[in-house]
Structures are given as structure tokens and as C-alpha cells.
Amino acid sequence: MLVGATACGPLPDQGSAPSSASGSGAVTAAKVGQAVKVTGDDGATAEATVLSVNASSKGQGDLAQAPANGQYSVIDVEIKVTGGTFQVNPLYVRYQAADGKTYDQNTGNSMTAGFSPELTVGGVPSGQSTRGVVAIDTPAGQPKAIQLTNVLGDVIGAWQP
């Protein structure tokens, strides 16, 4: 449990098996730091990587509010597009708590967290990449998984810290 911390720090490492995901069927979680081949709902392909998951007990900037659920989980995501135009949005990144409940940027005070550079929104063409953070207001502690969804909300990639 994170108590009284003010700086971002890594969450403990749990480890897991690598994965490849396509939006249909079950998704096996990879370890944070491992690339996962993903396919968007329109057939675009990419290699997505959750580079790190850090916890912070407060946001950044003058407009930041305290997290309503316990902590901000700051997720560093990189997406390298390998085919088509892959749709990217911070809302496609979800935090799954130990109890199975999921949280995204619409949860708690996530929208006021103020961490940057934030993951971009829009289509990323083949051969290009994007990287940024997604801050989600979550319960304190270790996530069960970090999930990447497609536009339709289907889980296409997952990572376990």
C-alpha cells in the first residue's frame, strides 16, 4: 500500500509470460516492458509496450486534485505501428485492480492528474510510433493488469507488473 508518497516510483514487479493479442479470444498478459503484437478493430497492427507503471499520491500542476481512489497509477505506453493506421487514445488504456474492477481516465480525478507527456489521441500511420503517459485514479497498490483496448473496448493487449 502506498502511504504518504509524493513522488512517482515503480510498483513492485510480479512478472508473467509474453503475449501476442488480436482482439478476439482471451489475451495472455505479457510482462511490463515486453512488446505485444496487437491488431485494432480496423485491421491495423502495432507493437504496444507498457514501459512502466508508477504510483503517485498526488497529481502535477496547479489544477491537479488529490486522487479520489487512493493513488494515481502513471502508465508509460509506447505504440509502434506496423501496418495501417492504428488508433491511439489514453481512454484505451485501463488499469485492472486485484479485485478485477477496471479503471480508466474517466475514473475519479484522473482528468486533473496533470502528468505529461500524455499519450496522444488519433491515428498513427504505419512506420510511425507514439509514446506518452496515461494517469489513472486507482486504488492504492499493485494492479492485476494493465489493459489496452481497441476502439470498441475489446482488450487487445495486457501487461502484468
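Reader: How many of the 11 residues of strand β10 are buried?

Author: Bearing in mind that this is a predicted model, strand β10, which spans residues 129–139, is mostly covered, with eight of its 11 residues buried.

Reader: Which strand is joined to β10, and in which sense do the two run?

Author: Strands of a sheet pair through backbone hydrogen bonds, and they do so either parallel or antiparallel. Here strand β5 (residues 70–83) runs antiparallel to β10, and 11 bridges join them; within this pairing, Val77 stands opposite Gly132 in β10.

Reader: Where is there pairing in the parallel sense?

Author: Strand β2 pairs in that parallel sense with β12 (residues 155–160), over two bridges, and Ala30 stands opposite Trp159 in β12. Both strands belong to an open sheet of five strands with mixed pairing, in the order β2-β12-β11-β7-β8, whose edge strands, β2 (30–31) and β8 (102–103), each pair on one side only.

Reader: Which residues have the most contacts inside the largest nonpolar core?

Author: In soluble globular proteins, nonpolar side chains tend to be buried together. The largest such core here has 28 residues, and those with the most contacts inside it are Val38, Ile75, Ile79, Phe86, Val93, Leu148 and Trp159. Several strands, including β5, β10 and β12, each supply at least two residues of this core. Apart from it lies another core, of six residues, among them Tyr72, Val74, Ala113 and Val133.

Reader: What does Ile79 touch, not counting residues up to four places away in sequence?

Author: On that count, Ile79 touches Ala46, Glu47, Ala48, Phe86, Val88, Gln128, Ser129 and Thr130.

How values were computed: Residues are numbered from 1 along each chain as its sequence is written. This is a predicted model: local features need pLDDT of at least 70, side-chain atom pairs count only at pLDDT 80 or more; totals for chains, interfaces and linings use all residues. Side-chain values use heavy atoms; hydrogens and water are left out. Two strands pair if DSSP finds at least two bridges between them. Helices (H or I, at least four residues) and strands (E, at least two) are DSSP runs, numbered from the N terminus. Buried means under 20% relative accessible area, exposed over 50%, partly exposed in between (1.4 Å probe, protein chains only). A nonpolar core is a set of buried Ala, Val, Leu, Ile, Met, Phe, Trp, Tyr and Cys residues joined through side-chain atoms within 4.5 Å. Contact means heavy atoms within 4.5 Å.
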